[in-house]
Amino acid sequence: MVNIIVVFRNRKDASVIRNLLARKGHNVVAACTSGTAVMQYLDRLEGSDGLIVSGARYEDMTYADLLAELPDTFQMMVMASQAVLSTIYESNVIKVSMPVKAYDLLMALDGVERSILRSRRRRRLKPRTRSSEDLAVIEYAKNVIMEQKNMSEEQAHRYLQKTSMNNGTGMAETAQMIIELFTRDTH
């Protein structure tokens, strides 16, 4: 599911949009009236992705102020009059002209959610680059395994991978556990 934060200056507008989206099965994590409140929710959702559904102005800032603070994994949908939308030039803002029919809003939202889910899948499939510290820990663990279990480097690497997969932990974390386990046994 995609995390959605609704933010409008008027609390009633925020509640109406939140309730509509929630009734249709969307994961609305908050309805706010200020950009500051949105930023607090974003802190709690750190490392996550999602969508901000908003008006153009809030109690304490504008959509542009909030957009500048959003993590790359969050998108923004601004709902406003056509006159206000015509002043929005950022290409990464989805614009929805008000008044809007519920069906049209939900269709636009579904398209944005599909886009976010595709991006999430691409991020997951993207190979991770390991830090030099992680690489050093993995290399040291392989050496420990080779010494303790009398294995070749290739066998030690496979042992580390298999242990990592069986435990559901990352290679570096597994390497650290192996180092602690084997070096503890020798002391």
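A residue is taken here as buried when its relative accessible area is under 20%, as exposed when that area is over 50%, and as partly exposed in between (1.4 Å probe, protein chains only). The structure is a predicted model, in which local features need pLDDT of at least 70 and side-chain atom pairs count only at pLDDT 80 or more, while totals for chains, interfaces and linings use all residues. Residues are numbered from 1 along each chain as its sequence is written, and side-chain values use heavy atoms, with hydrogens and water left out.

Leucine 51, which is placed in strand β3, is buried, with a relative accessible area of 0%. When residues up to four places away in sequence are not counted, leucine 51 has contacts (heavy atoms within 4.5 Å) with residues including Val2, Ile4, Phe74, Met76, Leu109 and Ile116. Aspartate 49, in the loop between α2 (35-44) and β3, also counts as buried, at 3% relative accessibility. The side chain of aspartate 49 is joined to that of arginine 120 by a polar contact of 2.6 Å, a polar contact being a pair of N or O atoms within 3.5 Å of which, within protein, one must be able to donate a hydrogen and the other to accept it, with residues adjacent in sequence counted only if both atoms are side-chain atoms.

Helix α1 (residues 11-23) comprises 13 residues and reaches 18 Å from its first C-alpha to its last, close to the 18 Å expected at 1.5 Å a residue; the expected span is 1.5 Å times one less than the number of residues. Within α1, Ala14, Ile17, Leu20 and Leu21 are buried. They cover an arc of only 135° around the axis, which puts them on the same side of α1, the arc being that of the directions from the helix axis to the C-beta atoms. Arg11, Lys12 and Arg23, on the other side of α1, are exposed. The buried residues of α1 pack against β1 (3-7), β2 (27-32), β3 (50-54), β4 (74-80) and α5 (102-125). At the N-terminal end, asparagine 10 caps α1 through a side-chain oxygen that lies 2.7 Å from the backbone nitrogen of lysine 12, and just after the helix, glycine 25 takes a positive phi of about 90°.

Conventions:
Helices (H or I, at least four residues) and strands (E, at least two) are DSSP runs, numbered from the N terminus.
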